[in-house]
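Reader: Hi! Could you walk me through this one?
Author: Happy to; here it is.

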Amino acid sequence: MIRPRTPPRSETDLEPDLPPPRFTLRSLGIVFVLLGAAFLLMKWVSPIASAGLLLLAISVFAHIAGNYIGTRLQRRRIAPTEPSSLSGEDPLTAEEFAPRMQLGETTRINRIGYGVTIGMAILGAITGVIAGSYWAPREIWFPAVFAVCLASGAALGGIGGFTIFHFAWQLFQSWRQAMRHSKSASKRR
């Protein structure tokens, strides 16, 4: 039997909790000033450019906040000690642990992955040109417009094919590994 982890905030839980974040009137004022600056920016540049800059600023803020929280958690970590077993609880045996999974191991891309990626890039390029011809039927035959439709369609198709194929591949590998483990576990019983 695999035992669940002890509930958080028990005497055997070694991870400290961070206090909840505090928001003051000053931080609320800073948020209003930053939102006002973002709306002012939308007045001077196009909405798409200002949305891109806003996304960049939010991602930089998220990275800084994550680094700050991670550093605080690292400093508050308690030195690892031997957890005291609860009364009447026997220690886990080797059979009660789940087997080591291979999902964290990296593998090379096989030929099927390259084939799917190249095939989806070609299909995406064709789709990009067809969509461009419907969107701008007169301008599609200009070399620059044709090249942009072709390249953007190929890039989106290749990235999409690569992502979908490798997600499905990892899903299949994890299912196969889980089935192999369940067969071996049923043989032990």
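Author: We can start with the fold and then turn to the pocket. This is a predicted model, where local features need pLDDT of at least 70, side-chain atom pairs count only at pLDDT 80 or more, and totals for chains, interfaces and linings use all residues. Residues are numbered from 1 along each chain as its sequence is written, and side-chain values use heavy atoms, with hydrogens and water left out.

Reader: Thanks! How many helices and strands does the protein have?
Author: Four helices and zero strands, in the order α-α-α-α along the sequence. Helices (H or I, at least four residues) and strands (E, at least two) are DSSP runs, numbered from the N terminus.

Reader: And what share of the residues is buried?
Author: Of the 189 residues, 14% are buried, meaning under 20% relative accessible area with a 1.4 Å probe, protein chains only.

Reader: Switching to the largest pocket: how much space lies in there?
Author: About 1000 Å³, the space filled by probe spheres set on grid points joined across faces, edges and corners. A pocket here is an open set of points on a 1 Å grid over the protein atoms alone, where a 1.4 Å probe fits, with protein on both sides within 12 Å along at least five of seven lines.

Reader: Which residues lie nearest its centre?
Author: Phe-23, Ser-27, Val-31, Phe-61 and Ala-65, out of 27 lining residues, which have an atom within 4 Å of a point.

Reader: Which helix gives the most to that lining?
Author: Helix 2, with eleven residues. Helix 2 spans 47-76, and helix 1 (25-44) also supplies at least two.

Methods:
Buried means under 20% relative accessible area, exposed over 50%, partly exposed in between (1.4 Å probe, protein chains only).
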